[in-house]
Each structure stands twice: as C-alpha cells, then as structure tokens.
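Hi,

Here is the structure I promised to pass on. Have a look first, and my notes on what turned up follow below.

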Amino acid sequence: MSTELVTRRDYLQAHRRQIVARSIAAAIAGALPIPFVDDWVVAAILSRGYRRIAAAHQIDLDDRAATNLVFGKTPPTSVIDLAVGSLAVKLATQSAKRVLLALTAVRRARSAARTFAAMTLFDHYCARLHTGMGLSAERALELREEISRAIDSTDGALAFHPFRKGLTAAVRASLKAPLALADAASGGALRRLLARRSEVTEAEAVDEVEDALEKQLADSGNFLSRAVTSVEQQLAAETNPFLEAALENFDRWWRARMAVQPPSAP
C-alpha cells in the first residue's frame with residue numbers, strides 16, 4: 001500500500017479493529033438456525049457499532065437511526081420475538097451438522113467483507129461529510145441507500161479472503177453447532193438471553209451482547225480476538241483498490257445528493 005494512500009485514509013484506522021470484529025461476529029450470528037434470533041443478534045452487534053463510531057465523531061445517533069443503517073426499511077426483530085422456546089433450540093441442535101456445512105467460509109466471508117465496507121464508508125461519512133449535531137432516522141435511511149449503492153456499483157469487489165481465513169478458524173473452534181459458535185462469539189450472552197427472554201428489555205439485551213463482545217475482544221486467547229487480529233494484519237498488508245474506489249464514489253454521490261437536498265433536522 002502506497003504511503004500516499006495510507007496518509008489519505010489514516011483517519012479510518014482508529015475504528016478498523018472494531019469494524020472488523022463486528023463484521024466477523026455478525027457474519028457468525030447470521031448463520032444461526034433459529035428464526036428471528038439471527039437477525040436480532042446481527043442488529044444488536046451492528047447497530048451498537050454504528051452508534052459507537054458516530055459517538056467518536058461527536059454525532060448523535062439514536063436507536064432508530066442506527067437500526068436504519070443496519071436494516072434500511074426492513075423492520076428489525078424485537079427481543080420479544082425471540083420467544084422461540086426450547087423446540088427451536090432443539091431443532092438447532094438436530095440440524096447442526098447440516099447448517100454447519102452450509103456455513104461455508106466463502107458465503108460468510110462475503111457477508112463480513114460487505115459489512116466491513118459499509119461500516120468503513122459510514123466512518124468516512126462521519127469524519128468528512130456530516131454536518132450538524134445528529135443524524136436523523138430519515139437521513140440514516142438515505143445514507144444507507146447511498147452506502148449500498150456505492151458498494152454495489154463500484155467495479156470489482158472487496159477481497160474477502162482475509163475474512164474467510166478468520167471465519168474458517170472460528171468454525172473450527174466450535175464444531176458443536178452454529179448456535180454454540182455464536183454463543184461463544186458473544187461470551188455466552190446468547191444463551192442467557194434466550195433463557196431470560198421474558199424478563200429482559202430490548203436495551204438490556206443489547207447491552208448484554210455488547211458487554212460480552214467487548215470481553216471477547218479483550219481476551220487475546222479466544223477465537224474471535226485471534227480472527228480479528230488475523231484479518232486486521234492482512235488488510236493492513238494489502239492494497240485495497242475496491243474500497244478506495246467505493247469511498248470516492250460514495251463521497252461524490254453523497255455530495256451531489258446534498259447539493260440538491262437541504263440537510264434534514266437532527
């Protein structure tokens with residue numbers, strides 16, 4: 001990677017580890033064989049990630065705006081919808097081998113790479129394009145649209161082999177079931193939430209997943225922390241022409257959009 005490019009984008013380094021970690025954890029959670037739980041865990045991991053990036057740039061981002069950045073116009077799953085009972089957990093165990101086979105490194109790596117690109121573009125937006133104190137839910141929808149457009153319309157694709165390597169190691173670390181894998185990624189928070197689903201509030205549930213994720217990353221010996229470090233090292237060692245082009249396209253398209261549309265109220 002050229003010195004010029006590193007200098008141009010050095011403002012994106014501060015949150016890289018957090019973005020990589022959430023991209024990997026969300027990719028693992030997305031393989032859960034339990035209805036609703038997969039979407040809810042992904043939302044808990046990624047929405048808090050968007051909020052932390054925004055906060056680091058002194059931008060107010062409420063729950064609705066963060067959810068819109070993750071899911072767009074698709075209604076997210078509520079913690080109430082996690083009342084799937086022991087039958088779903090039993091089903092997950094019975095179908096573990098089949099689902100684990102479906103958890104191909106390539107499929108999950110592509111998902112993680114896309115999440116990494118989206119959150120990196122959001123970090124760029126916060127650092128270079130945002131005006132005002134906060135980001136409204138309505139503006140967040142527009143922002144997600146332009147981020148998706150930049151990723152989908154840029155020639156080529158973000159190399160996903162660094163994520164494939166990290167996710168392959170994660171799968172090998174837990175051969176019991178995808179449920180056990182996701183539970184390990186969350187430091188046991190997933191099973192605790194399923195057990196307490198009728199007692200816990202949405203905010204408490206998200207906080208528990210967030211705390212567990214932070215503990216996992218702080219422990220250099222567990223598989224998630226090792227996978228994140230591996231991906232970080234590879235991303236730092238390789239050129240990334242797709243991401244650079246996507247950043248430039250997003251920047252140009254967002255500025256053009258704002259030139260004909262006044263900023264929304266926070």
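Contact here means heavy atoms within 4.5 Å. One caveat before the rest: this is a predicted model, in which local features need pLDDT of at least 70 and side-chain atom pairs count only at pLDDT 80 or more, while totals for chains, interfaces and linings use all residues. Residues are numbered from 1 along each chain as its sequence is written, and side-chain values use heavy atoms, with hydrogens and water left out.

Start with Phe 122. Setting aside residues up to four places away in sequence, Phe 122 touches Tyr 50, Ile 53, Ala 54, Leu 61, Leu 69, Leu 135, Leu 143 and Ile 147. Together with Phe 163, Phe 122 has the most contacts inside the largest nonpolar core, a set of 64 residues. (A nonpolar core is a set of buried Ala, Val, Leu, Ile, Met, Phe, Trp, Tyr and Cys residues joined through side-chain atoms within 4.5 Å; buried is under 20% relative accessible area, exposed over 50%, partly exposed in between, with a 1.4 Å probe and protein chains only.) Helix H7 (105-129) is among the elements giving two or more residues to this core, and the largest share, twelve residues, comes from H7. Helices are DSSP runs of H or I, at least four residues, numbered from the N terminus.

Now for H8. The axes of helix H8 (residues 137-153) and helix H14 (residues 241-259) come within 9 Å and cross at roughly 140°. That makes H8 oblique to H14; angles under 35 degrees count as roughly parallel, over 145 as roughly antiparallel, 65 to 115 as roughly perpendicular and the rest as oblique. Axes are lines fitted to C-alpha atoms, for helices over the stretch in contact, and angles run from 0 to 180 degrees between N-to-C directions.

Glu 146 is buried, with a relative accessible area of 5%.

H8 also packs with H4, at an angle of about 20° and with the axes 8 Å apart, so H4 and H8 are roughly parallel to each other. Arg 64, Ala 65, Asn 68, Leu 69, Val 70 and Phe 71 in H4 meet Ala 137, Glu 138, Ala 140, Leu 141, Leu 143 and Arg 144 in H8.

Cheers
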